[in-house]
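Q: Please take a close look at a single part of this model and describe it in one connected account. Please also give the cut-offs behind the terms as they come up.

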Amino acid sequence: MNTHQDDSGSQNEVATLYERVGGDQFFVELVERFYEFVENDLSLRPLYPENLEPGKVHLAAFLTQYWGGPHRYSLERGHPRLRQRHMSFPIGQKERDAWVTHMVSALDSMEISVDDATLMEDYFKSTATFMINR
Ligand code: HEM
């Protein structure tokens, strides 16, 4: 079987999600929109540091890497160990749900296929549940 996928018209079988959504810019914009919701959420905002910019860069780099883009996150931050990195933030069901709601809202505002949006949503929901530590 020919594994070359260049001339396939079937979007879901070509490229990674990173490539399908248009690369780095998509993740930077998604994170920007997500953080706008966080900034205005009185229950979630206090968990985040005063300066939100470094966190935005890290989250965008992480998602870029996770969905098949360059491995900038690991180069800069090492192994993700996400659950461990979140231990110092009190995350209960309420915080988890708020985080997911904001991320899904951000995702809904982006240009992305229904299939890819579903993939990302499912991933966010299960990963966010995994972060619950209180
Ligand atoms: C469940 C609710 C969640 C809450 C309340 C939460 C909260 C936070 C907070 C407060 C930070 C620190 C930000 C900073 O230092 O500027 C952070 C960092 C981060 N979060 Fe979350 N998070 C949640 C879920 C998730 C999920 C589901 C993912 C991935 C899919 C994720 C990925 C990250 C990454 C990559 C970082 C940066 C880690 C680093 O310092 O390298 N978080 N999160």
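A: Glu29 counts as partly exposed because 17 C-beta neighbours lie inside 10 Å of it; a residue is buried if 20 or more other C-beta atoms lie within 10 Å of its own, exposed if 12 or fewer, and partly exposed in between, with C-beta atoms placed from the backbone. This is a predicted model, in which local features need pLDDT of at least 70 and side-chain atom pairs count only at pLDDT 80 or more, while totals for chains, interfaces and linings use all residues. Residues are numbered from 1 along each chain as its sequence is written.

Glu29 is placed in helix 2, where helices (H or I, at least four residues) and strands (E, at least two) are DSSP runs numbered from the N terminus. Although Glu29 and Met110 are 81 residues apart in sequence, their C-alpha atoms are 8.3 Å apart in space.

Helix 2 (residues 24-39) packs with helix 3 (residues 53-66) at an angle of about 135°, their axes being 9 Å apart; axes are lines fitted to C-alpha atoms, for helices over the stretch in contact, and angles run from 0 to 180 degrees between N-to-C directions. That angle makes helix 2 oblique to helix 3, since angles under 35 degrees count as roughly parallel, over 145 as roughly antiparallel, 65 to 115 as roughly perpendicular and the rest as oblique.

On the side of helix 2, the contact is made by Asp24, Phe27, Val28, Val31, Glu32 and Tyr35, and on the side of helix 3 by Lys56, Leu59, Ala60, Leu63 and Thr64; two residues are in contact if their C-beta atoms, placed from the backbone, lie within 7 Å. These residues divide into 7 nonpolar, 1 polar and 3 charged, where Ala, Val, Leu, Ile, Met, Phe, Trp, Tyr, Cys and Pro count as nonpolar, Asp, Glu, Lys and Arg as charged, and the others, Gly among them, as polar. Leaving out residues up to four places away in sequence, Ala60 touches Phe27, Val28 and Val31.

Ala60 also belongs to the largest nonpolar core, where, of 16 residues, Phe27, Leu30, Val31, Phe34 and Ala60 touch the most other members; such a core is a set of buried Ala, Val, Leu, Ile, Met, Phe, Trp, Tyr and Cys residues joined through C-beta atoms within 7 Å. Helix 2, helix 3 and helix 6 (93-108) are the elements that give two or more residues to this core, and helix 2 provides the largest share, 6 residues.
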